[in-house]
Structure formats: C-alpha cells, structure tokens
Amino acid sequence: MTFVIQLMSGLAVGCIYGLVAIGFSMIFRAMGLVNFAQADIMMIGAFMGYAILVAAPGIPFWLAILGAMMGAALLGLVIERVAIRPSVARRADQVYLVLLTLGVGIVLSNGARLIWGADPVVYPTALTHQTLVFAGYPLPAVYLYIAVVMPALLVGLHLFFTRTWLGLALRAAADDPDTAATMGVRPALATSLSFALASAIGAAAGVLYAPISYVSFDMGVVGVKAFAAAVVGTLGSIPGAVLGGFIIGLGETFGAQLIATEYQDSIAFAIMIAILLLKPKGLLAGSHR
C-alpha cells in the first residue's frame, strides 16, 4: 500500500471518527454526560441506510444518508425522552447515567442483531465496489462522499450555532443553563435537540463508513474509537472532535501498516493514552470551543 493510499484512507476513517466524536462532544457539552449509546446509534444509522438501499434499489446514496439521519434523530429523541430525561429529573448520579447509556447501547446492539441477524451485511450500492483515481491512485468512490459530507455538516453546524436563534439558545443552555432558563430557553428542549443532532451526525458517519467495511451489530467498536478521538481532542469541543478523529484515523492506519492490522484497535487506544499522559484534558483544553 503506497503512502498516498494510506494517507487518504487514514483521512477518510478520521472523518468518520470525527463525525461520531462530534456527537459525543455535543452531548457532553450539553449536559456533562458521556453518552456511550452514541457508538451504537452509529451502527443503527448504518443499518437504516442499508434498509433504505434494499427497499429502494437505485436510490441516490445521499438520500440514504439523509433518511438514516432523520431516522436516527428520531431515535435520539426517543432515547432522551424515555431513558435520559426521567433519570435527570430524579437527579440521578452521573455514574448511573453513564451506565444507563451503556445499557441503551447494548439494547440497540441486540435489537439490530434480532432484526438484521448476526452476520455482517454489505451495502447494496455501486459505491461498495466503485473506485476513483486520485493522483494516479485508485481509491474507494465513497471517499468522495466523505470528503463532501463532513465539511458540509461542519459548515452547517457552525451556521446553526452562530446564525440561528435555536442554535444560539442551545449554546447558551450548554454554557449557562440557569441564565439561559431566565431568557426563556428550556433546558429539556435543548438537551432533546442535542441528542437528535448528535444521533443524526452519528448515523451519517455509519452510512459513510459502511461501503468501506460492512455493517454488523457489533460495529459499535468504531464508535468507541470515536470516543477516544473526542477525548484526545478535548471532550466537549467540536473542533477537538475533528482534530482527534484525524489523529486517531491517521495514527491507526499508518501504525497498522507498520506493525500489523490485527493490532489496529490497540494502536488507536495507545495513541489516546500517550496523548492524555501529556495533556490530560485533551489537545484543545482551554481553547475556545
């Protein structure tokens, strides 16, 4: 594998990690909660994209992404309303809430196994097999979608949080809930919307990742590495999530090539440990988020 192909592969996977890491950071910033169900929401989003492509052969891939995002946003709202909000209302301890999200993730994983089976499935789209040529090197065609979707989502999030009343309200609720409440911003609504947005972005990552690999009920490990990316960049920081995603993606890609692919997961977490030993709060700790 040439350096260029490794680089592009690492960047593509880094984009996936970064998108899922954004979801982790959004929930953490909104309510100080590490939502481990985010990893399995990515998996559910990938299966939603698969279901759309199977049900409507020939549908444009971007519509599968959009449909999965909408379905996952609804799922995120249900999870927040049914599992998270009642626990927060009872002033549950953060450790309890983290365990709750782990339980939700296990339910989602086993639910996917019940619906779609235990065997991995391959996306029924030409993108799974198509290649494009970049600088003379063949690369998976889905890389083009990744290169377009991630910047588009980042720009969309930036405009939403800086140019719309609702986005500004969400930022205010995350930074100072009490003051935001006096200004008419309902914290519960802000939390619900944060879950919906985080879930939608996670689903987009799942659909984009599927043509590179496969879809399986246990692909949540990709989301766990995305959590490592969020921590590396500074949990709660969207720019940090993106930075961490690229660091983990490139690091494990080149590391696996130098050592062995079976150690790829270990390499990702070794990178996280090494960085946190130097900067315990992440690379962008203290910077403007």
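Modeller: Buried means under 20% relative accessible area, exposed means over 50%, and partly exposed lies in between (1.4 Å probe, protein chains only). This is a predicted model in which residues are numbered from 1 along each chain as its sequence is written, and side-chain values use heavy atoms, without hydrogens and water. Local features need pLDDT of at least 70 and side-chain atom pairs count only at pLDDT 80 or more, while totals for chains, interfaces and linings use all residues.

Colleague: How confident is the predictor in the protein?

Modeller: The mean pLDDT (the predictor's confidence in each residue, from 0 to 100) is 89, and 97% of the residues reach 70 or more. Confidence is lowest in helix α7 (residues 177–182), at a mean of 69, and highest in helix α2 (residues 37–55), at 95. Helices are DSSP runs of H or I with at least four residues, numbered from the N terminus.

Colleague: Why is K225 called buried?

Modeller: Its relative accessibility is 4%. That value is under 20%, so K225 counts as buried. E252 is buried as well.

Colleague: What makes the pair of E252 and K225 a salt bridge?

Modeller: A salt bridge needs a side-chain nitrogen of Lys or Arg within 4 Å of a carboxyl oxygen of Asp or Glu. For E252 and K225 the N to O distance is 3.1 Å, within that limit. E252 lies in helix α10 (residues 238–258) and K225 in helix α9 (residues 220–233), so the pair ties together parts that are 27 residues apart in sequence.

Colleague: How many salt bridges does the structure hold?

Modeller: There are 3. One of them joins the side chains of E80 and R85 at 3.3 Å, N to O. E80 has a relative accessible area of 2%, so it is buried. R85, at 27%, is partly exposed.

Colleague: How do you know that T191 is buried?

Modeller: Its relative accessibility is 14%, which is under 20%, so T191 is buried. T191 sits in helix α8 (residues 187–209). Not counting residues up to four places away in sequence, T191 touches M31 and E80, where contact means heavy atoms within 4.5 Å.

How values were computed
Helices (H or I, at least four residues) and strands (E, at least two) are DSSP runs, numbered from the N terminus.
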